[in-house]
Amino acid sequence: MPHSNYDAILCDIDGCLSPEAPGAMNLAALGKVAAWNRRAREDGDAPRLTLCTGRPLPFTEAMARAVGAFDLPIVCESGVWLLEMDPYRWAMDPQLTPEHLDMARSMQAWVGESFKGVFFEAGKSAAVTVFHRDGPKPLRDEIQPAIKDEIARRGWPLRTAMTWTCVNIEPEFISKGTGIDRLIEQTGLKPDRLAGIGDTMSDVPIRERVAWFACPANADERLKELADYVSEKEEAEGVLEILERLENGAL
Ligand SMILES: [Mg+2]
């Protein structure tokens, strides 16, 4: 392989390495990503792939083990945590205080008391992710707008947004972008030697901090417009196609 133009790849999980909807992971494809990372670690001639996700830390750690993301910090819970596998440690963004964590728990309690049929993603620390037993429609039509009004009424530094399936309530000063900024500061990586992979508009902060950005075929059309390359294949197969493109130096 020719010497790479990049030192690291920041890759989203849902809709990229893992299916967007609940379903079996493509373990064969993840095994190939792990082989890529093994080679990057042993030979140093390929950029290491690390993870940048909104998912909670425990889920992210399992994915890190699956794809061998052991060398670089990992951004999880949309920047709330930086996780490292070697040495094994994790650190919350130092801007977050106990008061911010209390705000998240208080909003979760308010949503749970105010709306029937809601339930919450387990494992989040400073954010709240709300699902509904009837799917995203009641969230979009009623619950997310009410959450927005309640945050404004309380005057708390939180933001809320819909995804394909759920509502997120997050600290407004934390994002995948602030997580990447901490990763860069900690590692000394240069943004002009970073590549990125994502599939939704929550991955725009990745796009903004890397020199080259790619999407799998299933990505949001608005994000594809911001990408340097869009693969023909979807999800994990799309990520492999993107790695192949990086490898073949078509850049
Ligand atoms: Mg995604």
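On a 1 Å grid over the protein atoms alone, a pocket is an open set of points with protein on both sides within 12 Å along at least five of seven lines, and its lining residues have an atom within 4 Å of a point. The largest pocket of this structure holds about 990 Å³ of space, where a volume is the space filled by probe spheres set on the grid points, which are joined across faces, edges and corners. The model is predicted, so local features need pLDDT of at least 70 and side-chain atom pairs count only at pLDDT 80 or more, whereas totals for chains, interfaces and linings use all residues. Residues are numbered from 1 along each chain as its sequence is written, and side-chain values use heavy atoms, with hydrogens and water left out.

**The largest pocket**
- The largest pocket is lined by 36 residues, and those nearest its centre are Thr-163, Cys-166, Asn-168, Thr-200 and Ser-202.
- Strand 7 (128-132), strand 8 (158-162) and strand 9 (167-171) are the elements that give two or more residues to this lining; here strands (E, at least two residues) and helices (H or I, at least four) are DSSP runs, numbered from the N terminus.
- Strand 8 gives the most to the lining of the largest pocket, with three residues.

**The magnesium site**
- Asp-12 (OD), Asp-14 (O) and Asp-199 (OD) coordinate the magnesium ion at 2.1 to 2.2 Å, donors being N, O and S atoms within 2.8 Å of the metal (3.2 Å for Na, K and Ca); water is not among the atoms, so sites may look incomplete.

**Helix 1**
- The 17 residues of helix 1 should span 24 Å at 1.5 Å a residue, which agrees with its end C-alpha atoms being 24 Å apart; the expected span is 1.5 Å times one less than the number of residues.
- Ala-29, Leu-30, Val-33, Ala-34, Trp-36, Asn-37 and Ala-40 are the buried residues of helix 1.
- The buried residues of helix 1 pack against strand 1, strand 2 (48-51), helix 2 (57-67) and helix 8 (235-247), where contact means heavy atoms within 4.5 Å.
- Gly-44, which follows helix 1, has a positive phi, near 70°.

**The cavity**
- The structure holds one cavity of 30 Å³ or more, a cavity being a set of points where a 1.4 Å probe fits but cannot get out.
- The largest cavity has a volume of about 60 Å³, and the residues that line it include Asn-37, Arg-41, Arg-48, Leu-49 and Thr-50.
- Strand 2 gives the most to the lining of the largest cavity, with three residues.

**Cys-215**
- Cys-215 is placed in strand 11 (residues 212-215) and is buried, with a relative accessible area of 0%.

Note on methods. Buried < 20%, exposed > 50% of the residue type's maximum accessible area, 1.4 Å probe, protein only.
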